[in-house]
Amino acid sequence: MGFDLLVIDSQNDFCSKDGTLYVPNAEHDCQRIADFILHNLDKIDAIHMTLDTHPFFHIAHPIFWKDKNNAEPPVYTQITYEDFKNGIYTPVDKNLYQRVESYLLNLESRGRYTLTIWPPHCLFATPGACINEDIRAAAHTWEKEVPGRSINFVVKAANPLTEHYSAIQAEVPDPADPTTKTNFTLIEKLKHKHIAVVGEALSHCVSNTIRDLCIYIPPEQITLVTDCTSNVAGFEYIGKEFLETYTARGMNTIVSTDPVQ
């Protein structure tokens, strides 16, 4: 049985110990992903790779904010609407005050995450934004197997005013920016396929992508390769809760040496 492979954000800033937002064990995930591709060259019908790609000035980076002493918040700070309302953290650009207020209210009403300040990562045109080398080499081997076929790269998270964990849509879509809205192009490519999902991080971009896909695609069509994904440190509980919820709904799980069912 053929399947599509969805590789989520397997980029150097997440997957290298030198990366700015290293996910523990991600380098081992990457080696297993590469092996998984090479062992399934004749079964993978398409490879879709998502790319987290940010500007430096971004709502989830320290440079965007200041505290009451005009200092940037430390990385991994969580900023709530109450923090903003009470002036504990405010945007450095006063012109964005109303936009940020609306964003935080919308984000909290969705109930998935509190705004987290991350180390600047996967910045445009930096080495950290590049795909892990083992995965890149394996995917190029897959391309060579059938002349003319190509990896489908899906760029996300370029908008500086919204987080964009899911490959399907931003946490709070920007009405003026189509790239933050539902990615029906990707959904249509995947809709009638069995999909194997790998990449980083289970607690954030992987889980959110699958959650959003399952609005349009039955969970039974999705197989998560569990030894090819890891959690952001400190957020393991999110990955655990996601696995429990979506396996109960019918999502399949395998390890990378198993056949895709």
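Reader: Hi! How exposed is Lys-191?
Author: Lys-191 is partly exposed, at a relative accessible area of 28%; buried means under 20%, exposed over 50% and partly exposed in between, using a 1.4 Å probe and protein chains only. This is a predicted model, where local features need pLDDT of at least 70 and side-chain atom pairs count only at pLDDT 80 or more, while totals for chains, interfaces and linings use all residues. Residues are numbered from 1 along each chain as its sequence is written, and side-chain values use heavy atoms, leaving out hydrogens and water.

Reader: Thanks! Which residue meets Lys-191 in a salt bridge?
Author: Glu-188, with N to O at 3.7 Å. A salt bridge here is a side-chain nitrogen of Lys or Arg within 4 Å of a carboxyl oxygen of Asp or Glu.

Reader: And which residues are joined into one network by shared partners?
Author: Asp-4, Asp-45 and Lys-193 are. Lys-193 pairs with Asp-45 at 2.6 Å between the closest N and O atoms, and with Asp-4 at 3.8 Å.

Reader: Is Asp-4 buried or exposed?
Author: Asp-4 is buried, with a relative accessible area of 3%, whereas Lys-193 is partly exposed at 25%.

Reader: Switching topic: what is the angle between α7 and α8?
Author: About 25°, with the axes 9 Å apart. Axes are lines fitted to C-alpha atoms, for helices over the stretch in contact, and angles run from 0 to 180 degrees between N-to-C directions.

Conventions. Helix = DSSP H or I, 4+ residues; strand = E, 2+ residues; numbered from the N terminus.
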